[in-house]
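Trainee: Before I use this model, I would like to go through the labels attached to it and hear what each one rests on.

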Amino acid sequence: MHAKPSAGCEVIVSVHCDDLEEIDWSECELEPTRKVEVLAEGILEKRGFWNPSWKARYFVLDSRGRLFYYKSFWHRMANMPAGKIALTRDCSVSNVQQGDKFFIDLHVPANGRLVDRTFHFLASSQKIGQKWINGIQCVKDKVYYGCFPGDDSWW
C-alpha cells in the first residue's frame, strides 16, 4: 500500500537520466509488447489552460511516452487521470528559474489537434525540476528512436 505524500513533497520512484550522452542508443530494440513501466511520479504544480491559476497535481511519467496528471494521489490510486500528455519527438521541454521557483514549460505541437499547446509546471526545487526535465527528455528521445526502457540501467 502506498502512503499518501505530504503536501509540497516530491516522490520520485525511479532514477532519472542525468546525461543523455551516457545512453548507448546502439543497444535499443523495439519491444512493443513490453510492460508499461512507471518511471517517475510525484507532485508538480500545473497552470490551468482556461483558468490560469496554479494547482498541485500528481504526475506519472511512463515508459511509453505518456505523462498523466491526476487531481490528487488518491485519484492516481483509483486510476482516474485528469489528463494525459503524449510525448513525441516534436515536443520540447525547457525551464526558467526565478528566485527559488523552478518553472518547466512543455511545448506539444498540434499533431492532428487544432492548436499547439504549452503546459506550464512548477517544481518545488531546482533539483526536482531538473529530474523531471531529464526524465521527459529521455522518454521523448526513446519514443523517437523506437526504443523503450526494459530496465533501469539506462536511467
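Mentor: Start with contacts: among those in the protein chain between residues at least 6 apart in sequence, 52% join residues at least 24 apart. Keep in mind that this is a predicted model.

Trainee: Which elements does the protein chain contain, and in what order do they run from the N terminus?

Mentor: There are two helices and seven strands. From the N terminus on, the order is β-β-β-α-β-β-β-β-α.

Trainee: What makes strand 4 and strand 5 the edge strands of the sheet?

Mentor: The seven strands form an open sheet in the order 4-3-2-1-7-6-5, with antiparallel pairing. Strand 4 and strand 5 (92-98) each pair on one side only, and that makes them the edges. On average, neighbouring strands of this sheet are turned by 35° against each other, direction ignored.

Trainee: Why is strand 1 described as largely enclosed by the rest of the structure?

Mentor: Because seven of its 10 residues are buried. For the protein chain of 155 residues as a whole, 41% count as buried.

Trainee: Which residues touch the most other members of the largest nonpolar core?

Mentor: That core has 23 residues, and the ones with the most contacts to other members are Leu61, Leu67, Ile85, Ile104, Leu106, Phe121 and Trp132. At least two residues each come from strand 1 (38-47), strand 2 (54-62), strand 3 (66-70), strand 6 (101-108), strand 7 (117-123) and helix 2 (126-144). Helix 2 gives the most, with five residues. A second, separate core has six residues, including Ile43, Tyr58, Phe68 and Phe73.

Trainee: What does Leu106 touch?

Mentor: Leaving out residues up to four places away in sequence, Leu106 touches Leu67, Ile85, Leu87, Cys91, Ser92, Val93, Arg117, Thr118, Phe119, Phe121 and Ile136.

Trainee: Why is the pair of Phe59 and Trp132 called edge-to-face?

Mentor: A pair of aromatic rings is described by the distance of the centres and the angle of the planes. For Phe59 and Trp132 the centres are 6.5 Å apart and the planes are at 70°. Centres must lie within 6.5 Å, and an angle over 60 degrees counts as edge-to-face, so this pair gets that label. Phe59 lies in strand 2 and Trp132 in helix 2, so the pair ties together parts that are 73 residues apart in sequence.

Trainee: How do you know whether these two residues are buried or exposed?

Mentor: Buried means under 20% relative accessible area. Phe59 is at 0%, so it is buried, and Trp132 is at 1%, so it is buried too.

Trainee: How many aromatic pairs does a search of the whole structure find?

Mentor: Eight. One of them is formed by Phe73 and Trp74, edge-to-face at 5.3 Å centre to centre, with 75° between the planes. Phe73 counts as buried because its relative accessibility is 7%. Trp74 is at 43%, so it counts as partly exposed.

Trainee: What makes the phi of Asn79 worth a remark?

Mentor: Most residues other than glycine have a negative phi. Asn79 is not glycine, yet its phi is near 55°, a positive value. Asn79 lies in the loop between helix 1 (73-77) and strand 4 (83-86).

Trainee: And why is Asn79 called exposed?

Mentor: The cut-off for exposed is over 50%. Asn79 has 57% relative accessibility, so it counts as exposed.

How values were computed:
Residues are numbered from 1 along each chain as its sequence is written. This is a predicted model: local features need pLDDT of at least 70, side-chain atom pairs count only at pLDDT 80 or more; totals for chains, interfaces and linings use all residues. Side-chain values use heavy atoms; hydrogens and water are left out. A nonpolar core is a set of buried Ala, Val, Leu, Ile, Met, Phe, Trp, Tyr and Cys residues joined through side-chain atoms within 4.5 Å. Buried means under 20% relative accessible area, exposed over 50%, partly exposed in between (1.4 Å probe, protein chains only). Helices (H or I, at least four residues) and strands (E, at least two) are DSSP runs, numbered from the N terminus. Contact means heavy atoms within 4.5 Å. Rings of Phe, Tyr and Trp (its six-membered ring) pair if their centres lie within 6.5 Å; planes under 30 degrees apart count as stacked, over 60 as edge-to-face and the rest as tilted. Two strands pair if DSSP finds at least two bridges between them. Axes are lines fitted to C-alpha atoms, for helices over the stretch in contact, and angles run from 0 to 180 degrees between N-to-C directions.
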